[in-house]
Amino acid sequence: MDRALEQGAALSVAPPPDVELRSLVKRYGETLALDGVSLAVHAGEFFTLLGPSGCGKTTTLRAVAGFVEPSAGDVLIKGSRVNDVPAHRRRVGMVFQHYALFPHRTVFQNVAFGLRMAGVERAQLERRVGEALELVRLPAYGARYPRELSGGEQQRVALARALVTRPAVLLLDEPLGALDKQLRDHMQIELKSLQREVGITTIYVTHDQEEALSLSDRVAVMRDGRILQVAGPKTLYATSTRARARSSWPASSEPRISCPCASSQAPRWSGDGRACVRPPPRAGPAPR
Ligand code: ADP
């Protein structure tokens, strides 16, 4: 076959990105929350939106979920435009900073909620809730109420609840923001390994540069409703280091990326050069 034709055939079968945003604009009255955001997140990717408070991260995530209606632009999930598809039909799972568990329902009932809404029959529902709790390492917690759980455990239940419906995309809005530093570090490691295990396409929102660098395959740096740069952690770190060395670099456009290892030593990168290798958690019992 002609080489160009062969390449064309290969290109034509490439799957669309799992999530694609095309020139997304969101206005709240006078406020321009999103000013033309375009990005593509690929299958299995851990993609992070990083930027200071108010730059448009949550608005972007909520537009993907279907909780925010764009003023202009398109949201595509697995190649289909979903602007007019309601949130519960988009096959996304979302986890918020403040867990949002139902306080008067048990862990089992919280995790089962989405399946019950979808009319899944009892035996299958019990099996899937059991699997989801197993996945987040809380298999024996079904009968507890949220008030009987630590912050870390509540966040794991929220994760199980998001994953149990087998969404196409997992959306995480500062999910570790309410946890103390030690627990957050521990949960970062757990979250990353769980994401790898499930292989689910994930969009993560944080203002924490260390978190973005250690978790992500790629990071979009946002400012004032725009994306300044999309890159892997290593590239981002290098760009930032070069930028700091260049006095003419305008401060407003510098991502100011630091790395967890950077204070005392150069960052260490995983074999594929994508994620900074965090020091292993300290010995002793895992924080809850
Ligand atoms: P981030 O998640 O990066 O902190 P947001 O996406 O929450 O930023 O907000 C982006 C901008 O949009 C901010 O200026 C914020 O005040 C504004 N905004 C967000 N939601 C609303 C809303 N419901 N009504 C009015 N303004 C909003």
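**View 1. Residues around the ligand.** Tyr28, Thr31, Ala33, Gly51, Ser53, Gly54, Cys55, Gly56, Lys57, Thr58 and Thr59 surround the ligand; a residue is near a molecule if its C-beta atom, placed from the backbone, lies within 6 Å of it. Two elements, β2 (31–41) and α2 (57–65), each give two or more residues to this shell. The top contributor is α2, with three residues. Elements are DSSP runs numbered from the N terminus: helices are H or I with at least four residues, strands are E with at least two. The shell has three nonpolar, seven polar and one charged residues. Here Ala, Val, Leu, Ile, Met, Phe, Trp, Tyr, Cys and Pro count as nonpolar, Asp, Glu, Lys and Arg as charged, and the others, Gly among them, as polar. The model is predicted: local features need pLDDT of at least 70 and side-chain atom pairs count only at pLDDT 80 or more, while totals for chains, interfaces and linings use all residues. Residues are numbered from 1 along each chain as its sequence is written.

**View 2. The largest nonpolar core.** This core has 61 residues. Those with the most contacts inside it are Val64, Val111, Ala132, Ala160, Leu171, Ile203 and Ala220. Helix α5 (residues 151–163) supplies the largest share, six residues. A core is a set of buried Ala, Val, Leu, Ile, Met, Phe, Trp, Tyr and Cys residues joined through C-beta atoms within 7 Å. Not counting residues up to four places away in sequence, Val111 touches Val129, Ala132, Leu133, Val157, Ala160, Arg161 and Val164. Contact means C-beta atoms, placed from the backbone, within 7 Å.

**View 3. Ala162 in helix α5.** Ala162 lies in helix α5. Ala162 counts as buried because it has 22 C-beta neighbours inside 10 Å; the cut-offs are 20 or more for buried, 12 or fewer for exposed, and partly exposed in between. Leaving aside neighbours within four places in sequence, Ala162 contacts Gly93, Met94, Val95, Pro167 and Leu170. The C-alpha atoms of Ala162 and Val92 are separated by 8.1 Å, although the two are 70 residues apart along the chain.

**View 4. The six-stranded open sheet.** The strand order is β6-β7-β8-β3-β9-β10, with mixed pairing. At the edges stand β6 (92–95) and β10 (226–231), each with a single partner strand, so one side of each lacks a neighbour in the sheet. Twist averages 20° from one strand to the next. Angles run from 0 to 180 degrees between N-to-C directions, with axes fitted to C-alpha atoms.

**View 5. The β9–β10 pair.** Strand β9 (residues 218–223) runs antiparallel to β10, joined by five bridges. Pairing needs at least two DSSP bridges. Val221 stands opposite Gln229 in β10.

How values were computed
Contact = placed C-beta atoms within 7 Å.
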